[in-house]
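Hi,

Here is the structure we talked about handing over. Please load it first, then read my notes below.

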Amino acid sequence: MKIETYEKAYLWLGGLTLLACLVVLLYSSVAMDIHLPGRAGEVDPKLLASTPPFDQPGVRQVGPNKYEAVLIGRAWSFNPPEIRVPVGAEVTFIGTSQDVIHGFFIEGTRVNIMLIPGQIATATHTFREPGEYTVICHEYCGIGHHTMFGKVIAE
Amino acid sequence: MSASTVYDPSGFEIPASHKRFLRWTIYIGYGALIAGIFHGLANALSYANINILPYFPRLRGYYQGLTAHGVANVLVFTFAFSNGFLPLMTARALSRQLVSSLVYACFALLAIGNVLVVYAIVTNQASVLYTSYAPLQAHWTYYVGLVFIVLSTWAALLNMLIVLRRWRRDHIGERVPLLAFISVVAYVMWFLASLPIAVEFIGFLIPWSLGAYGGLVDPLLTRTLFWFTGHAIVYAWLLPAYVSWYALVPRQAGGLLVSDALTRTVFILFLILSIPTGFHHQYTDPGIPEGMKAVHGVLTFGVFFPSLATAFSVVAALEIGARRRGGRGVIRWIAKLPWNDPSVTAQMLAMAVFVFGGITGLINASFTMNQIIHNTTWVPGHFHMTVGTAVALTFVGVAYWMIPYLTGRALWSRKLALASSWIYTIGVLIFARGMISAGLEGMPRRLFRVQATYTNPDWRLGGVLTGIGGTLMFIGLALFFVVIGMTILRGKKGEQPKDIPVSRTLLAPSLSGWDRHLDRIGLWVLVTVALIAIAYGPFFASYLPARMISPGFRLY
């Protein structure tokens, strides 16, 4: 296949640029420890009230400076609506949905997960600044979707 | 050595009856788009805290309207246009008649699908958005209607494959004319891509909406099947635009397509790489292992490569044309492009905006950055520059020669046609600037902001820009419909283009060497299926059987 010289040079340059972006991306994921949610278990959405840890939504300490925040999304609120965590502590959010698909997005952070019925979603974050962070359901979940929000208070 | 992209450049007439049905197939798409842009306007203004929905005669619900906007603009308009355009290109490129019954069937399937979908949406029984995420449940007519729309694309593909096969039987050893090859590959890719959503709808959502499986469904599995199709679908919208950029625009701009072999390679790469990329829409989903998401992320970077190659090729073709018209200098030749031709201008503006669409797309695919922008207005900011401009404005540009060609009437107003594309382009750049900046500040997409119970002062500027840009986009497309409507009704008879704009290539297809094998579509389909098995096999092998756990909810 004959390719014009300029085109060949451009394709090499473009291909190598893409490769460089990819290397930076993989490096940032490993070096900065940025991870995506994976498989963290399953739960029957009809039996949340009797299945730990979702039978007791809320914050609990699980180690020195380590906390877990268990939460449930439902149309159209979060349970609990307000989560209080200490500044500087490592907090793992453990969430699911009891009805349709919801989103769990803490403004100004990388905590951005989908709450899918049947699946347990997790995300870990350390709040460095004290303050009130709005939690937004950012997946369409019905006519009241724009009224579904919560709060994380880091203190 | 140069060659034409069609078999017989001296002319081939498409029968009038075929022209009529291809035209009406496209008109269904225009009907949908007219309805869709009113809700586009309402959505954009709602981000500027202005609510015009109470003034609408029907469809006053925000999410009902958002469903209509998505379904009309990206499902009905795009596929209606391609169902008319791609078979027309194949027939003309091969100088062969289409199969009449399949031309009619394609139109009929699309029409029936639309009747069902419009019924479900207008009666507020399907406000589930075009993503149709279970366990939000719609009326069965919505799902069945969407299946009919997909079936219409299959009818169009079958027609093209039959014509191609007949041509090959009479031309053993010859290379398939380029325009036919890329048109067929575009819809072959879409056919493969559409199979998972067919399984989702026919296997799960339709029976579930009719009460089967004990009324239960698997939310993660159906969502995964949706995105199995859902990323490749964007290339199904884009490739017909690429067909025009590669094979028609060079002729319209007085230039040449640079390389036959590279063009075929680009389309084969899209065939292979478009589908195994869907997990990058599910980066933030639980239930899918991180490693599998990373594989799809890498492949998404791979599918960016043929678009990079396209950028060189189409700009080179334009430059050849501009220099032939006396263009000089490193960039001054741009002024010599046919900026007075509304068809070329619309498509050049589409290409320019696509640069930003492509770059923001790479950012979406980068999973570390995706966590910042997932489900924020950044994402619609991105895709209004890709499908909303690169594709839609190209279809507008193609319409400016194709509707005259199909109706036998000259374009009604060149000036208004030019104004339409410029207003739309300026609009989308303002709109995307607003959505992207507010998205970085966390403004969620799919949000009825006027009535939201929370807000953020950082969203104000982005919201206002979204409203202003969206209004300009609405005006631009409204002008397009004025031009097309007046062309159909009042255009001068007999002054239309008599043939499609057929380009020639600088480097002709070779009759020896390995690139002959590019024409073996069946072989490349096998490669595609193998790569899909590698990318999706581990997920399904480790996940199945389906978890039928969720009853349906109608929360609208």
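How many bridges join S1(B) to strand S4 of chain B, and do the two run parallel or antiparallel? There are 2 bridges between S1(B) and S4(B), the latter covering residues 504-507, and the two strands run antiparallel. One residue pair to look at: B:Ser4 has B:Arg504 in S4(B) as its bridge partner. Keep in mind that this is a predicted model.

As background, strands of a sheet pair through backbone hydrogen bonds, either parallel or antiparallel.

Now chain A. Its secondary structure comes to 1 helix and 10 strands. Read from the N terminus, the order is α-β-β-β-β-β-β-β-β-β-β.

Chain A splits into domain 1 (1-34) and domain 2 (45-154). The centres of these two domains of chain A, taken over C-alpha atoms, are 37 Å apart.

On overall dimensions, chain A has a radius of gyration of 20 Å, whereas a compact globule of 155 residues would come out near 15 Å. Along the principal axes, the C-alpha atoms of chain A fill a box of roughly 65 × 35 × 30 Å.

Buried residues make up 38% of its 155. Among contacts in chain A with a separation of 6 or more, 58% are between residues 24 or more positions apart.

Best wishes

How values were computed: Residues numbered from 1 in each chain as written. Chains lettered and ligands numbered in written order. Predicted model: local features only at pLDDT ≥ 70, side-chain atom pairs only at ≥ 80, totals over all residues. Domains from an automatic or database assignment. Pairing = 2+ DSSP bridges. Helix = DSSP H or I, 4+ residues; strand = E, 2+ residues; numbered from the N terminus. Rg over C-alpha atoms; globule rule 2.2 N^0.38 Å. Buried ≥ 20, exposed ≤ 12 C-beta atoms within 10 Å, placed from the backbone. Contact = placed C-beta atoms within 7 Å.
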